[in-house]
Amino acid sequence: MATGLTGCGGAAQASTVQDIAFWHLLSGGDGIKMQAMINSANQANPGFKVHPTVLAWGPPYYTKLAMASAGGRPPEVAIMHASRVPGYAPGGLIEPWDLDLLAENGVTASDFAPRIWEKSQHNGKVFSIALDSHPFVMFYNTDVAGKAGVLASNGQLQEVNSPEEFKAMALEMQKVTKAHGLSFGYLGSGSQMWRLFYTLYKQHGADMELTPGQPMKVDRDAAIESLEFMASLFDDTIAAQAGDISTGIAEFARGGSGMLFSGVWELPTMKKAGIPVDAATIPTLYGTPASYADSHSFVLPRQLKLNEDKRRDVYKFVTDVLKGSLSWAEAGHIPGYQPVVQSQAYRELTPQVHYANAADIIAYDPESWFSGSGSDWQTYFAENVQNVLLGRDKAAAGWDAFEQRTNTLLSRPNPV
Amino acid sequence: MSTSTLSRPRPESLRKPGSRTRSNLSGWGFATPFLAFFLVFLVWPILYGFYMSLTGKSLTGANDSLLGFANYAEALADADMWRSLGNTLYFTVISTVPLVLVALVMAALLNIGVPAQWLWRLSYFAPYLLASTVVSLFFTWMYNPQLGLINEFLTGIGLPRVAWLNDPNVAMWAIVIATLWWTVGFNFLLYLAAMQNIPAQHYEAASLDGAGAWRQFFSITLPQLTPTTVMIVLLQILASLKIFDQVYQMTAGGPGGSTRPVVQYIFETGFTGYRLGYSAAISYIFFGLIVVISVMQFVITRRRSA
Amino acid sequence: MATPTLTRPAPSATTANSLKIRQPRKKLTVGRIAAIAVAAFIAVLWLIPFAWATATAFKTETDAAAPDVTWLPPSGFTPEAFVKVFQDGNIPLWTWNSLYTSAAITAITLVISALVAYALSRIDFKGKKVLMTVIIASIIIPPPVLIIPLFYQMLALNLIDTSWAIILPQVIHPAMVFVLKKFFDQIPRELEEAAVMDGASRLRIFTQIILPLSRPILAAVAIFVFIGAWNNFLWPFIATNDGNLLTLPVGLQTIKSAYGIQYAQNMASALLAALPLIVVFLFFQRQIIKGVATTGLAGT
């Protein structure tokens with residue numbers, strides 16, 4: 001088929017099927033969707049077969065990916081959170097994409113939202129191709145919201161613009177559910193605490209900069225105010241004081257609350273639960289619309305011996321997956337590839353379209369070699385602020401301890 | 001350990017006159033294959049690892065300047081390193097005691113002369129043949145807070161559920177229990193072999209004196225086993241200090257770092273955090289500790305046997 | 001018969017072989033009955049994890065995850081989980097990887113250790129004492145201390161993600177050299193003298209006289225090294241990332257993420273991984289127990 005045409009003099013090899021190793025960290029519903037996309041790419045391209053390897057989300061995955069890349073026999077292609085690229089690109093663990101080859105396969109810069117395309121670059125080169133952006137959003141139960149009288153005339157949740165208004169709305173919902181107004185589980189999960197914290201922090205219009213050799217640049221007041229607001233939610237009325245992620249999800253899924261703060265990837269769970277669910281970006285409580293997000297991106301791990309044919313197959317595979325990412329959108333993610341987002345089929349997906357605007361306000365983690373999704377830095381965040389959220393510690397104390405921890409990391413030699 | 005056996009004079013018949021050079025040649029010839037591996041994969045890494053610990057070497061290849069002892073200074077001020085070292089020592093203490101005592105009890109029970117010995121040996125020793133990953137899968141499942149067999153049993157007899165691997169106060173004990181199940185069979189075998197080597201006459205004489213089984217155990221078996229016990233304790237301490245597998249697989253060092261052993265910290269600083277040089281420095285601090293413990297054991301054993 | 005097999009007269013390095021077997025006294029006293037009861041209790045306790053894993057592995061996933069924890073599932077037992085694991089799992093591949101790497105490690109270890117042990121036992125050569133001291137001293141070096149430099153060495157040699165990276169660093173067993181040397185020391189020298197008179201070379205004496213006499217200890221060392229290599233997790237985990245090279249213990253670590261929470265399949269995989277050595281153990285129980293007992297005290 002067409003794959004034979006792209007190779008120069010590769011006609012003889014066209015008959016052999018190239019095995020492409022592909023690593024990702026997507027499990028559960030995401031994993032099943034990814035497998036389906038791989039299968040259809042394999043079917044459409046008899047010239048290669050992509051073999052996925054799934055490793056555990058977070059440090060186990062990223063540790064192994066770094067070790068394999070350093071060793072020079074890594075998979076031909078892998079998924080990486082865009083926020084992790086600064087830890088891999090400078091040391092040469094991943095290689096930049098060839099824009100000409102991408103264009104040959106019909107994908108160019110203009111196919112991505114500006115924020116996402118900007119994020120895919122490092123030192124002027126494109127190191128990651130975003131499959132999606134997956135912001136932190138708010139799911140709500142339209143039934144509960146309706147009974148609480150907080151729906152606007154268009155059937156969506158009414159707009160709130162301040163912490164007080166948000167809490168008032170949550171309390172109205174609590175009167176309906178008799179349990180909680182909001183579900184948000186966080187115990188033991190640094191990533192989860194960070195997602196909400198960083199959303200609120202960025203809504204202050206504040207920035208955060210991590211430069212090795214310098215103390216962290218941060219708006220301390222905004223950080224403390226965000227933490228205090230979070231802690232004030234966990235009063236066992238608005239939201240449960242202590243619970244882990246799955247407890248929060250389960251509570252919302254059985255109608256025990258009106259709202260859930262969560263990553264978009266929980267959408268399939270909510271649909272399966274059969275509750276009347278809609279979604280929106282997290283309300284702007286501090287003036288600036290912002291939403292924590294990350295992107296599952298394709299990266300090219302460094303190869304000891306580059307096989308040009310396989311590299312070409314990887315480009316074909318990745319661009320095929322991008323073009324077919326409508327099914328990825330069904331899992332809740334906002335596709336990175338704009339032609340899919342602008343398609344009629346995507347506009348008919350609800351509630352996905354109700355938070356598609358998030359792609360314009362998303363905030364990625366501050367860049368450094370140690371930050372990003374599933375990094376140890378997020379674990380340190382949990383270690384220092386969990387007691388704040390549980391009401392056992394002052395927000396200022398928890399924040400200062402985390403800031404100090406971060407400064408220690410910044411003061412150490414930069415290994416990338 | 002005495003080296004007197006080494007200098008035992010060789011029978012003259014094996015030594016041809018004037019074959020000194022030939023002996024040297026064939027001696028080193030026989031030693032060469034082992035020596036080659038020994039030098040390349042043991043001695044060189046030890047030396048090179050020490051050099052690495054003086055540099056900023058990184059997994060990404062960046063920044064490998066010579067730092068002197070800066071890594072060591074940093075490590076000695078690193079609270080996480082001390083915590084992980086503390087966890088390793090804590091595990092060593094609380095695991096060695098049951099791993100020796102339970103093994104002794106098992107061996108003693110069998111040595112009394114229960115029928116069908118192979119059956120007991122099989123059940124006590126079989127877990128030792130499992131890979132750590134299998135053990136971790138078994139126990140993670142049994143420790144499951146809601147669906148686990150252990151909590152089911154506890155609630156069945158009216159006790160509260162325990163969050164085995166999720167409670168910082170309990171998790172290390174959960175690891176110890178799994179480890180006990182896994183490796184006690186090894187110590188048990190060593191004890192059993194030693195017990196069965198105690199000459200029967202000792203017991204016969206004691207029986208004639210009217211000593212019961214209980215007294216015989218304490219007055220004959222235990223004292224006779226002293227050298228074995230010393231060796232088992234020694235080996236067990238060294239084995240426990242190396243703890244990594246079960247913890248990494250069952251709790252990944254959690255909850256909140258409460259079970260993270262120093263080997264995991266070495267792994268994480270080196271591979272997750274890229275800092276191979278710093279990680280090598282921690283390895284050498286850990287190595288130093290092991291040498292100190294070994295020397296201490298050596299001295300104590302010597303004093304006891306003197 | 002309850003003859004303890006451990007003390008069957010066999011040349012052994014660490015247990016004196018002149019001792020007699022103590023026949024268990026056959027009288028059934030209250031004490032003995034109590035001992036049997038306690039031994040049985042411990043044995044049952046020790047078998048429970050196997051039994052529970054087996055019971056789970058033969059359940060449907062729904063039953064395995066049901067809040068009612070029970071030994072007898074409502075939908076009955078089914079081999080479904082095993083079939084699934086075989087279909088989409090890599091267990092046969094991992095088993096093969098474990099088998100050939102462990103076999104290679106065992107073979108290389110035996111050859112190089114026996115050679116050097118023979119030299120240390122029989123040949124007078126310059127520097128022997130130093131060599132012996134260095135080898136004995138190296139027993140205390142714990143492998144985890146070496147992971148960082150060894151990984152770096154494998155990087156430099158471009159061996160990461162090859163079988164060599166798994167095998168090469170695992171063939172140095174100073175304690176086994178020591179065990180073999182002590183055994184060779186016990187072989188009467190007279191046996192070699194005739195061969196020496198005939199002008200046989202050292203290598204010939206070694207292969208035709210010493211090795212055949214040393215079968216029990218060679219088997220013991222082989223068993224010990226093989227079990228260690230088969231079950232080693234840390235080093236293969238560091239040396240390989242490629243899914244095609246994973247050994248059984250390392251591969252098994254990845255199933256949790258691949259399958260999500262599939263309890264029956266997890267247990268089926270664990271049991272399949274455990275099976276090879278358990279079966280071997282059932283057949284060669286005596287040799288294995290003797291092997292571990294004779295080499296075990298020399299250190300790992």
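How many salt bridges are counted between chain A and chain C? The count is zero. Keep in mind as we go that this is a predicted model.

Let's stay with these two chains for a moment. Where they meet, 12 residues of chain A are in contact with 14 residues of chain C. Together the two chains bury about 1,100 Å², and 60% of that lies on carbon and sulfur atoms. On the chain A side, Lys64(A), Met67(A) and Arg73(A) lose the most area to chain C, together accounting for 47% of what that side buries. Helix H3 of chain A, residues 59-71, supplies the largest share of the side touching chain C, with five residues. Although no salt bridges are counted here, five residue pairs are found in polar contact across the interface.

Now let's turn to chain B and follow its helix H3, which covers residues 79-111. Just after H3(B), Gly113(B) takes a positive phi of about 105°.

Further along chain B comes helix H8, residues 200-208, whose buried residues are Ala200(B), Tyr203(B) and Ala206(B). These residues sit on the same side of H8(B), because they cover an arc of only 125° around the axis. Their cover includes helix H3 and helix H9 (213-241) of chain B. Just after H8(B), Gly210(B) has a positive phi of about 85°.

Methods:
Residues numbered from 1 in each chain as written. Chains lettered and ligands numbered in written order. Predicted model: local features only at pLDDT ≥ 70, side-chain atom pairs only at ≥ 80, totals over all residues. Heavy atoms only, no water. Buried < 20%, exposed > 50% of the residue type's maximum accessible area, 1.4 Å probe, protein only. Helix = DSSP H or I, 4+ residues; strand = E, 2+ residues; numbered from the N terminus. Arc of directions from axis to C-beta. Contact = heavy atoms within 4.5 Å. Buried area = accessible area lost by both parts, 1.4 Å probe. Salt bridge = Lys/Arg side-chain N within 4 Å of Asp/Glu carboxyl O. Polar contact = N/O pair within 3.5 Å; in protein donor to acceptor, adjacent residues only side chain to side chain.
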